[in-house]
Each structure stands twice: as C-alpha cells, then as structure tokens.
Amino acid sequence: MNKGLLPVGTLVKLRMSKEKYCIIGFGVNDKNTGRIYDYAAVTYPIGLQSLDDTVAFDEGMIKRVIHIGYVTPEDMEYRQNVVDAINNFRNGTKVEEKSE
C-alpha cells in the first residue's frame, strides 16, 4: 500500500484487465483465505448488478488512475483509519478501538 487509499468513486484501470473500475470500499476481507485487500470495486459504467460483480485488489494492481473520487476532511480521516487498520492486520498488531 502507498501513502494512503484512493477515495470512493475513484476510477482506475487495473493491470489484470482492460475494464475500468469504480472504487466502492476499502479493507475488503476475503473470508475464504483471510486475506485483506486494499480496495473493492465494480466495473464502470455498469456498477453493481449483484454481489458477484465486485472485484477486490491491492494498490499495486492499479495501472492508472483515471479520475479521483470526492474528497472531504471526514473521508480523509476515515481512509487513514482504514490504512492503519489494514497495516496493523498485515503486521499482526492488535487494533485498539477508539473511545469517544
């Protein structure tokens, strides 16, 4: 993973496909393998037709960023929290919950 995650709504091309994908989520858990992927996405412009339409991938699989999604301070904070959680999971560090 690089410096941070791209925001929801970002359009990317992946190395493994000629399709364009729209990022719809982060920190995707593959329940069969226990692997955590950086992103979940759907094919653009088709979008989500069924749950089988989602693609999970990591930062390194992105060939090109076509369009950056909408960014807000709240979004930036959330994405940083996800990055921290993914890194902790991959490093075997326990994630502490924040109390508010």
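**Core, rings and surface patch**

F26, Y39, F57 and Y78 are linked into a cluster by ring pairs. The number of aromatic pairs is 3. The model is predicted.

**Nonpolar core**
- The largest nonpolar core has 16 residues, and those that touch the most other members are V12, L14, I23, Y39, F57 and I62.
- Two or more residues of this core come from each of β1 (11-14), β2 (20-29), β3 (36-44), β4 (55-57) and α1 (73-91).
- In soluble globular proteins, nonpolar side chains tend to be buried together.
- Not counting residues up to four places away in sequence, V12 touches L6, E19, K20, Y21, I23, F57, I62, R64, V65 and I66.

**T43**
- T43 is part of strand β3.
- T43 counts as buried because its relative accessibility is 18%, and the cut-off for buried is under 20%.
- Apart from neighbours within four places in sequence, T43 has contacts with E19, K20 and Y21.

**Surface patch**
- A nonpolar patch on the surface is formed by V65, I68, V71 and M76, which together have about 320 Å² of accessible area.
- V65 belongs to strand β5, which covers residues 62-67.
- V65 has a relative accessible area of 36%, so V65 is partly exposed.
- V65 is also among the residues that V12 touches.

Conventions:
Residues numbered from 1 in each chain as written. Predicted model: local features only at pLDDT ≥ 70, side-chain atom pairs only at ≥ 80, totals over all residues. Heavy atoms only, no water. Core = buried A, V, L, I, M, F, W, Y, C linked by side-chain atoms within 4.5 Å. Buried < 20%, exposed > 50% of the residue type's maximum accessible area, 1.4 Å probe, protein only. Helix = DSSP H or I, 4+ residues; strand = E, 2+ residues; numbered from the N terminus. Contact = heavy atoms within 4.5 Å. Patch = residues over 30% accessible without salt bridge, like charges linked within 9 Å, V, L, I, M, F, W, Y side chains within 5 Å. Areas by Shrake-Rupley, 256 points an atom, 1.4 Å probe, with all protein chains shown as cover. Salt bridge = Lys/Arg side-chain N within 4 Å of Asp/Glu carboxyl O. Phe/Tyr/Trp six-rings, centres within 6.5 Å; stacked < 30°, edge-to-face > 60°.
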